[in-house]
Amino acid sequence: MRRYGKHTDEDDIRTRPGRRNTRPRTNIRPKHEDAAEGLVLTVDRGRLTCLVEDRVVLAMKARELGRKAAVVGDRVAIVGDLTGKKDSLARIVRIEERTSVLRRTADDDDPYERVVVANADQLAVVTALADPEPRPRLIDRCLVAAYAGGLEPLLVLTKSDLAPPDKLLELYGHLDIPHVVTSREELQNGTALARVREQLDGKITAFVGHSGVGKTTLVNSLVPEEQRRTTGHVNAVTGRGRHTTTSALALPLAGSDGWVIDTPGLRSFGLHHVDPSQVIHAFPDLEPGTEGCPRACSHDEPDCALDAWVAEGHADPARLYSLRRLLATRERKEGD
């Protein structure tokens with residue numbers, strides 16, 4: 001059956017417009033000056049749970065942001081439905097400049113880096129003294145990532161009722177890293193929480209550690225259940241809660257303006273993204289001694305000026321040893 005008559009003209013025939021060049025293109029983007037400020041609490045399959053004033057708002061990233069992804073701890077600009085009501089969805093239109101970034105890769109050979117947390121003030125490395133045994137190489141790698149990302153490190157040693165902390169603390173004593181030692185009994189009766197909170201008050205602290213060290217137990221003790229329910233991870237598809245440590249989750253510290261960020265248990269901590277030259281900045285007493293180093297010095301080679309600097313008494317030899325131990329983790333597998 002013919003759709004048109006015998007005598008047709010080209011103007012009579014309807015044509016479908018092409019897919020290309022149908023929309024005007026411009027580099028001008030809206031400034032969204034009226035956007036609200038928000039804090040990303042958790043991310044789940046493209047949906048971001050954000051805190052806007054005192055409301056928890058579900059949002060998605062605007063297309064104009066391209067491949068730039070927001071992570072837990074990011075400060076963002078949000079527009080749209082900010083009521084926080086059920087089935088409401090806002091839009092993140094801007095990610096503010098970050099003050100610090102905790103990154104890691106799957107292993108040292110993997111060029112793909114993953115941003116774990118943004119804008120944290122410190123990194124709490126949680127390690128059990130026994131059951132499971134401490135993994136110093138993993139601790140070293142976390143410290144290197146903290147220094148490279150602009151975070152202050154904090155050691156939290158758990159299960160001191162099973163093993164003494166002296167040997168492990170001796171390894172890190174010359175780095176002047178603050179630490180807290182806890183036992184299971186102290187966590188149960190609450191006496192350890194005061195010591196931990198003293199290190200967390202007024203700061204945003206990301207907690208990392210491998211499975212079984214008591215990291216989430218500690219976070220649960222610091223954050224009351226009602227606060228976890230209010231700001232906890234909700235699956236954007238089913239509306240049901242998920243275990244908080246399947247992805248990073250920011251939670252307000254009870255009775256304080258501080259925040260804790262619980263992260264999934266670590267299996268490895270690759271450092272492919274870390275420039276070894278950044279690690280020296282964590283050793284201000286050694287940094288002046290690098291002025292005489294050859295160009296691109298690794299600080300662990302025969303011509304390194306730090307050997308003479310330390311031999312002349314400008315710094316403690318143990319500090320140089322600590323620096324080189326941390327630098328060596330960049331070339332070592334975690335299990336070594």
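# Briefing: fold, loops and cysteines

A search of the whole structure finds zero aromatic pairs. The model is a predicted one. The protein has eight helices and 13 strands. Of its 336 residues, 46% count as buried. Among contacts between residues at least 6 apart in sequence, 66% join residues at least 24 apart.

**Aromatic rings**

- Pairs of aromatic rings are absent: the search of the whole structure returns zero.
- Arg325 lies over the face of Tyr172. The distance from Arg325 to the ring centre is 5.0 Å.

**Cysteines**

- How many disulfides does a search of the whole structure find? The count is zero.
- Cys304 is in no disulfide. The nearest cysteine sulfur belongs to Cys293 and is 3.9 Å away.
- Cys304 is buried, at a relative accessible area of 4%.
- Cys50 is buried as well, with a relative accessible area of 0%.

**Loop between S4 and S5**

- Strand S4 covers 75-80 and strand S5 covers 90-95, with Ser88 in the loop between them. Asp87 lies in this loop too.
- Are Asp87 and Ser88 buried or exposed? Asp87 is exposed, with a relative accessible area of 74%. Ser88 is buried, with a relative accessible area of 9%.
- Asp87 is not a glycine, yet its phi is positive, at about 70°.
- The side chain of Ser88 has a polar atom 2.5 Å from the backbone oxygen of Lys85.
- Neighbours within four places in sequence set aside, Ser88 is in contact with Leu58, Asp81 and Thr83.

**Loops on either side of S8**

- Asn119 sits in the loop between strand S7 (113-118) and S8. Its phi is near 65°, a positive value in a residue other than glycine.
- Asn119 counts as buried, at 1% relative accessibility.
- Pro132 is placed in the loop between strand S8 (122-128) and helix H1 (136-149).
- Which peptide bond is cis, with omega near 5°? It is the bond from Asp131 to Pro132.

**Strand S9 and Thr158**

- Strand S9 spans residues 152-158 and contains Thr158.
- Thr158 is buried, with a relative accessible area of 2%.
- What does Thr158 contact, leaving aside its neighbours within four places in sequence? The partners are Val126, Thr127, Ala128, Leu129, Thr182 and Val213.
- Strand S8 runs over 122-128. The contacts of Thr158 include Val126, Thr127 and Ala128.

**Helix H4**

- Glu198 is in helix H4, which covers residues 191-200.
- Glu198 counts as exposed, at 63% relative accessibility.
- Val180 is 18 residues from Glu198 along the chain. Their C-alpha atoms are separated by 9.8 Å.

- Helix H5 covers residues 215-222. Its buried residues are Lys215, Thr216, Leu218, Val219 and Leu222.
- Val223 is in the loop between H5 and helix H6 (225-231).
- Val223 counts as buried, at 0% relative accessibility.
- Val223 and Trp259 are 36 residues apart in sequence. From C-alpha to C-alpha, Val223 and Trp259 are 9.4 Å apart in space.

Note on methods. Residues numbered from 1 in each chain as written. Predicted model: local features only at pLDDT ≥ 70, side-chain atom pairs only at ≥ 80, totals over all residues. Heavy atoms only, no water. Disulfide = S-S within 2.5 Å. Buried < 20%, exposed > 50% of the residue type's maximum accessible area, 1.4 Å probe, protein only. Helix = DSSP H or I, 4+ residues; strand = E, 2+ residues; numbered from the N terminus. Contact = heavy atoms within 4.5 Å. Phe/Tyr/Trp six-rings, centres within 6.5 Å; stacked < 30°, edge-to-face > 60°. Lys NZ or Arg CZ within 6 Å of the ring centre and 35° of its normal. Polar contact = N/O pair within 3.5 Å; in protein donor to acceptor, adjacent residues only side chain to side chain.
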